Amino acid sequence: MPTSVARRVGVLTALDDTDGPALALGDAAARHVRLRPDGLQPALGDAPAGFVPWGQVRAVVADVPATWWPHPAVGDTLVPLIEGIFGGSSGEISETPTFPVRVTTDDGAVVEWRATPHYLSGYRRRDAALARRLVDHLVAAPEARVLLARPDDLLARLGEILRAH
């Protein structure tokens, strides 16, 4: 049974709001791409802008950043501390990092949207790979897109798969 609390697995967050059900690729509170049952939609917070229907999508490449840290929050905490101790950087981030999500349409056009990661250090490699494989599957198997209508259930299942491995 889906919960009312937002479920997240790595870079993916289950959403069901006024724009309907979707998986957010990236931080749903910042820049993200909504994977909806009917198409892809870039969004900044809760203000969507743009849309590409699945029927016009040839390929999607999400360059989800990955880290070797066992949990990304560890990297986000320790790296600035280590850099501060050894004088590596000023500790300031000039701008919020993002990663590209490139959508190739049937006419060959490439649209690039940016998504904000939850962690500066990136995601666990298996979480990043899972997101890429899911997006590839959604592009290749139109019948799988119906799963996006129940994003909480989809992420619950993906979480079970990750825990089993």
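Predicted model: local features only at pLDDT ≥ 70, side-chain atom pairs only at ≥ 80, totals over all residues.
Residues are numbered from 1 along each chain as its sequence is written, and side-chain values use heavy atoms, with hydrogens and water left out.

The protein has three helices and 12 strands; these are DSSP runs numbered from the N terminus, with helices (H or I) of at least four residues and strands (E) of at least two. Of its 165 residues, 43% count as buried. Buried here means under 20% relative accessible area, exposed means over 50%, and partly exposed lies in between, using a 1.4 Å probe and protein chains only.

Start with β3 (20-26) and β4 (31-36), which pair in the antiparallel sense over four bridges. Pairing takes at least two bridges between two strands, as found by DSSP. The two are joined by a hairpin through four residues, and Leu25 has Val33 of β4 as its bridge partner. On to β5 (residues 39-44): six bridges join β4 to β5, again antiparallel, with a hairpin through two residues making the link. Arg36 stands opposite Gly39 in β5.

β4 is largely enclosed by the rest of the structure, because five of its six residues are buried. Over in β5 sits Gln41, which is buried at a relative accessible area of 9%. The Gln41 side chain makes a polar contact of 3.0 Å with the side chain of Arg36. A polar contact is a pair of N or O atoms within 3.5 Å; within protein, one must be able to donate a hydrogen and the other to accept it, and residues adjacent in sequence count only if both atoms are side-chain atoms.

## Asp27, a buried charge

In the loop between β3 and β4 you'll find Asp27. Asp27 is buried yet has no salt bridge, and the nearest side chain of opposite charge, Arg8, is 7.0 Å away. For the charge count, Lys and Arg are positive and Asp and Glu negative, with His and the chain ends not counted; a salt bridge needs a side-chain nitrogen of Lys or Arg within 4 Å of a carboxyl oxygen of Asp or Glu.

What the Asp27 side chain does reach is the backbone nitrogen of Ala29, at 3.0 Å. Leaving aside neighbours within four places in sequence, Asp27 is in contact with His32, Thr116, Pro117 and His118.

## The β8-β10-β11 sheet

Here's an open sheet of three strands, ordered β8-β10-β11 with antiparallel pairing. β8 (57-62) and β11 (110-115) are the edge strands, each with a single partner, so one side of each is left without a neighbour in the sheet. The twist averages 20 degrees from one strand to the next; axes are lines fitted to C-alpha atoms (for helices, over the stretch in contact), and angles run from 0 to 180 degrees between N-to-C directions.

β10 (residues 99-105) pairs with β11 over six antiparallel bridges, and Arg102 has Glu112 in β11 as its bridge partner. The two strands form a hairpin with four residues between them, and Gly108 in the turn has a positive phi of about 90 degrees.

Ala115 belongs to β11 and is buried, with a relative accessible area of 0%. Ala115 and Val33 are 82 residues apart in sequence but 6.5 Å apart in space, C-alpha to C-alpha. Not counting residues up to four places away in sequence, Ala115 touches Leu25, Gly26, Arg31, His32, Pro97, Thr98, Phe99 and Val101.

Val11 is in the loop between β1 (8-9) and β2 (12-17), and is also buried, with a relative accessible area of 1%.

Notes. Contact = heavy atoms within 4.5 Å.
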